[in-house]
Amino acid sequence: MNEEMAALFALLGKRWTLSVLGALLRGDDRFDQLRAAAPRLNARMLSSRLSELVHAGLLVRELAAGPPPLVHYRLTTAGAALGPALAGFDRCMDRAPAPTQEAA
């Protein structure tokens, strides 16, 4: 595995990253919409994840003019390409047996 792929998997493995990407894939694109999609996600963590995703080239941050100015996030081509992979993970989890608890 090359460094770029390892960095991508590390980012995807961070808490809330997949929730944010899932919301973006469903069409949510504003900060408040993304936050509402994951109610336990606080604003500071969401801001951090969005910045990391922009830095990784998976999102673009756009400022829409108008009172009040609105910030929109959209998936780049690379970010949108993750959609089928994430859907595959969902299908895999739907078919997986329920986890069992090991005896203590």
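1. The protein has six helices and two strands; helices here are DSSP runs of H or I with at least four residues, strands are runs of E with at least two, and both are numbered from the N terminus. The order of elements from the N terminus is α-α-α-α-β-β-α-α. The C-alpha trace spans about 60 × 35 × 25 Å along its principal axes.

2. This is a predicted model, in which local features need pLDDT of at least 70 and side-chain atom pairs count only at pLDDT 80 or more, while totals for chains, interfaces and linings use all residues. Residues are numbered from 1 along each chain as its sequence is written, and side-chain values use heavy atoms, with hydrogens and water left out.

3. Of the 104 residues, 25% count as buried (under 20% relative accessible area; exposed is over 50%, partly exposed in between, with a 1.4 Å probe and protein chains only). Among contacts (heavy atoms within 4.5 Å) between residues at least 6 apart in sequence, 42% join residues at least 24 apart.

4. Helices α2 and α6 have axes that come within 11 Å and cross at roughly 115°; axes are lines fitted to C-alpha atoms, for helices over the stretch in contact, and angles run from 0 to 180 degrees between N-to-C directions. On the α2 side L18, L21 and L25 take part, and they meet L82, G83 and L86 of α6. The residues of this contact comprise five nonpolar, one polar and no charged (nonpolar: Ala, Val, Leu, Ile, Met, Phe, Trp, Tyr, Cys and Pro; charged: Asp, Glu, Lys and Arg; polar: the others, Gly among them).

5. The largest pocket holds about 290 Å³ of space. A pocket is an open set of points on a 1 Å grid over the protein atoms alone, where a 1.4 Å probe fits, with protein on both sides within 12 Å along at least five of seven lines; lining residues have an atom within 4 Å of a point. Grid points are joined across faces, edges and corners, and the volume is the space filled by probe spheres set on the points.

6. Thirteen residues line this pocket, with L18, L86, A87, F89 and D90 nearest its centre. Helices α1 (3-12), α2 (17-25) and α6 (82-95) each supply at least two lining residues, and α6 gives the largest share, five. The lining divides into seven nonpolar, four polar and two charged residues.

7. Two residues of α2 may be set side by side. T17, in α2, is buried at a relative accessible area of 0% and touches L11, L12, R49 and L53, not counting residues up to four places away in sequence. S19, also in α2, is partly exposed at 35% relative accessibility. S19 and A37 are 18 residues apart in sequence and 7.7 Å apart in space, C-alpha to C-alpha.
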